[in-house]
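Biologist: Hi! Could you walk me through this one? Please start with the terms you'll be using.

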Amino acid sequence: MESRKLANGTSIPAVGFGVFQISADATAQAVADAIAAGYRHIDTAQSYFNEAAVGEGIRRSGIAREDLFVTTKVWIDNYGEGSTRASIEESLAKLGLDYVDLFLLHQPFNDVYGSWRDLEKAYEDGLVRAIGVSNFTPARLHDLGSFNAVYPMVNQIEVNPFHQQTERVAQLQEHGVVVEAWAPFGEGRSGLFTNPVLSEIGAQYGKSVAQVVLRWLIQRGIVPLAKSVHAERMQQNLDVFDFELSAQDMEKIASLDEGSSLFFKHEDLGTVDYMKQLVEQRRK
């Protein structure tokens with residue numbers, strides 16, 4: 001599989017397997033199946049409540065630890081210097097791993113600065129091979145990196161054909177940040193899987209709409225995180241390195257951009273309120 005280079009020289013596989021919204025009891029087998037299909041990049045998070053199951057899936061796979069790239073994320077409730085360090089150690093225990101390849105701050109809220117200092121220390125201590133953020137605007141990421149010792153190496157954001165974030169992706173990449181795409185298929189919203197433009201492009205290459213979307217992201221230098229619990233779709237989502245979209249294809253897909261999130265905008269006050277309520281609900 002192709003890979004990208006992070007700012008510190010660490011290689012990250014060009015396509016990742018995401019486990020968001022996979023139930024804990026199905027996650028272990030899904031991870032084992034994904035690894036069997038050829039995935040070497042697994043993405044989870046504290047807030048998904050399935051880190052232990054991801055660890056079990058890794059053990060079931062029989063693949064050597066050094067051949068895998070494992071990502072997890074600090075949840076907002078664990079932000080703050082000291083709290084984040086404790087949560088990192090807890091995540092490692094749940095995963096059954098001595099280190100993770102990438103640890104991200106999951107959301108741009110609460111005490112991101114204290115948490116970042118804990119991530120930096122974990123990076124120094126070898127518990128983490130790379131650190132980054134998720135859902136940060138380029139300006140917020142640049143602020144965090146500019147006034148601390150380690151500049152974020154990754155930003156995981158929503159990118160799909162209807163929300164392409166072209167300018168933000170370019171800004172991040174210009175600063176050496178690898179962009180990862182969560183919800184690359186937009187969870188099927190806005191009729192993505194039956195979109196006529198994407199379907200027509202796929203027919204030219206004998207590929208599905210999902211494969212076209214993944215290839216489009218790869219050609220933009222973005223690392224997509226695809227999710228499926230079906231082994232055959234896992235394999236299809238990796239079968240995207242034997243064709244290349246033309247410049248005309250890329251222009252057609254660019255025309256689909258609606259310039260707005262299919263889920264929520266992290267700059268909106270309401271999103272902050274929602275995240276605060278979510279933290280309070282989970283504490284009960």
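Modeller: Happy to! Contact means heavy atoms within 4.5 Å. This is a predicted model, so local features need pLDDT of at least 70 and side-chain atom pairs count only at pLDDT 80 or more, while totals for chains, interfaces and linings use all residues. Residues are numbered from 1 along each chain as its sequence is written, and side-chain values use heavy atoms, with hydrogens and water left out.

Biologist: Thanks. What does F17 touch, leaving aside its neighbours within four places in sequence?

Modeller: F17 is in contact with I22, A30, V31, A34, Y39, H41, I42, D43, A226, K227, S228 and M234.

Biologist: And which residue is the bridge partner of F17 in β4?

Modeller: That's I42. Strand β3 (residues 16-18) runs parallel to strand β4 (residues 41-43), and two bridges join them. Strands here are DSSP runs of E with at least two residues, helices are runs of H or I with at least four, and both are numbered from the N terminus. Two strands pair if DSSP finds at least two bridges between them.

Biologist: What do the strands from β3 to β10 form?

Modeller: A closed barrel of eight strands, in the order β3-β4-β5-β6-β7-β8-β9-β10, with parallel pairing.

Biologist: Which residues have the most contacts inside the largest nonpolar core?

Modeller: F17 and L105, in a core of 84 residues. Helix α8 (residues 209-219) gives the most to this core, with eight residues. Such a core is a set of buried Ala, Val, Leu, Ile, Met, Phe, Trp, Tyr and Cys residues joined through side-chain atoms within 4.5 Å. Buried means under 20% relative accessible area, exposed over 50%, and partly exposed in between (1.4 Å probe, protein chains only).

Biologist: Switching to α9: which of its residues are buried?

Modeller: In helix α9 (residues 231-238), they are M234, N237 and L238. Seen down the axis of α9, they fall within an arc of 100 degrees, so they line one face of the helix. That arc is taken from the directions from the helix axis to the C-beta atoms.

Biologist: What covers them?

Modeller: The cover includes β3, α1 (24-37), α8 and β10 (223-226).

Biologist: How about Q165, buried or exposed?

Modeller: Q165 counts as buried, because its relative accessibility is 14%. Its place is in the loop between β8 (154-158) and α6 (166-174). Not counting residues up to four places away in sequence, Q165 touches I157, E158 and R220.

Biologist: Last one: how many helices and strands are there in the protein?

Modeller: Eleven helices and ten strands. Of the 284 residues, 54% count as buried.
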